[in-house]
Amino acid sequence: SNEIRYRTSDNRKCLAGDNSFNRTILSHTYSNGIGRIICDGPINDIYYGFESPNIIELYLPDSIKRIHNGVIHGTGLKSLKIPESLQYVGCNALQGKNLVNFTGHHTSSDGKCIIIDNTLYAFACCGIDNYILPQGINRIPKNVFYMCNDLESIILPEGLKILEWQAFYSCQKLKHIYIPDSVEII
């Protein structure tokens, strides 16, 4: 619960400061192809520190409750395992142009979405041009689809109530959005 592991494409340490986890970092090493960040206690929050295109694997501890804004934005991750303890994902926190899917808890059956308490917190958009969101989502926060550059068409689910501003910010090819009648706030 006090360790994060990762792998980079260039076999070098990623940047992570003492404020990245709201914990003191006891050690940060990179050897035998694996980076290890060990903190002085359970890591419940990640504030920043993984915005590197060279990160290709990231292993989060099961203690993670909150991942704040922009944590893995811009990484080379293709997949990310989501711990059961996760309760909140911030704006752009889990966006990556190479991100193909999520695994673990809170993920949709196709691995494209992270849904916690009926809120869509993240979308793995790599290679997706048309998509139908799964049922059971009633809120889509700001920037969930940020820079989904290949997305052209999306169908939002019946029962959706809140579609926050800039949800589709910088989706340059987006031409069609089906918005159900259930939406109360845009």
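This is a predicted model: local features need pLDDT of at least 70, side-chain atom pairs count only at pLDDT 80 or more; totals for chains, interfaces and linings use all residues.

Colleague: Start inside. Which residues touch the most other members of the largest nonpolar core?

Modeller: Phe50 and Leu94 do, in a core of 32 residues. A nonpolar core is a set of buried Ala, Val, Leu, Ile, Met, Phe, Trp, Tyr and Cys residues joined through side-chain atoms within 4.5 Å. Buried means under 20% relative accessible area, exposed over 50%, and partly exposed in between, with a 1.4 Å probe and protein chains only.

Colleague: Which strands supply at least two residues each?

Modeller: β1 (3–8), β2 (25–31), β3 (34–39), β5 (55–59), β7 (79–82), β10 (113–116) and β11 (119–123). Strands are DSSP runs (E, at least two residues), numbered from the N terminus.

Colleague: And what does Phe50 touch?

Modeller: Setting aside residues up to four places away in sequence, its contacts include Ile4, Tyr6, Phe21, Ile37 and Val71. Contact means heavy atoms within 4.5 Å. Apart from this core lies another, of 22 residues, among them Tyr131 and Leu156.

Colleague: Why group nonpolar residues like that?

Modeller: In soluble globular proteins, nonpolar side chains tend to be buried together.

Colleague: Now Lys81. Is it buried or exposed?

Modeller: Lys81 is exposed, because its relative accessible area is 57%. Lys81 sits in strand β7. Beyond neighbours within four places in sequence, Lys81 is in contact with Leu60, Thr103 and Gly104.

Colleague: On to rings. How many aromatic pairs are there?

Modeller: A search of the whole structure finds six. Rings of Phe, Tyr and Trp (its six-membered ring) pair if their centres lie within 6.5 Å; planes under 30 degrees apart count as stacked, over 60 as edge-to-face and the rest as tilted. Tyr6 and Tyr30 make a tilted pair, 5.8 Å centre to centre, with 50 degrees between the planes. That pair links distant parts of the chain: Tyr6 is in strand β1 and Tyr30 in strand β2, 24 residues apart.

Colleague: Are those two buried or exposed?

Modeller: Tyr6 is buried, at 1% relative accessibility. Tyr30 is buried too, with a relative accessible area of 17%. Then there is Tyr88 with Tyr121: an edge-to-face pair, 5.9 Å centre to centre, 75 degrees between the planes. Tyr88 lies in strand β8 (residues 88–89) and Tyr121 in strand β11, 33 residues apart. Tyr88 is partly exposed at 34%, and Tyr121 is buried at 13%.

Colleague: Which residues do ring pairs link into a cluster?

Modeller: Phe123, Tyr131, Phe145 and Phe168.

Colleague: Last topic, the backbone. What is the phi of His106?

Modeller: His106 has a positive phi of about 65 degrees, although it is not a glycine. Most residues other than glycine have a negative phi. His106 is in the loop between β9 (101–104) and β10.

Colleague: And where is Ser170?

Modeller: Ser170 is in the loop between β15 (162–163) and β16 (176–178). Ser170 also has a positive phi of about 65 degrees and is not a glycine. Ser170 counts as partly exposed, because its relative accessibility is 26%.

Key. Residues are numbered from 1 along each chain as its sequence is written. Side-chain values use heavy atoms; hydrogens and water are left out. Helices (H or I, at least four residues) and strands (E, at least two) are DSSP runs, numbered from the N terminus.
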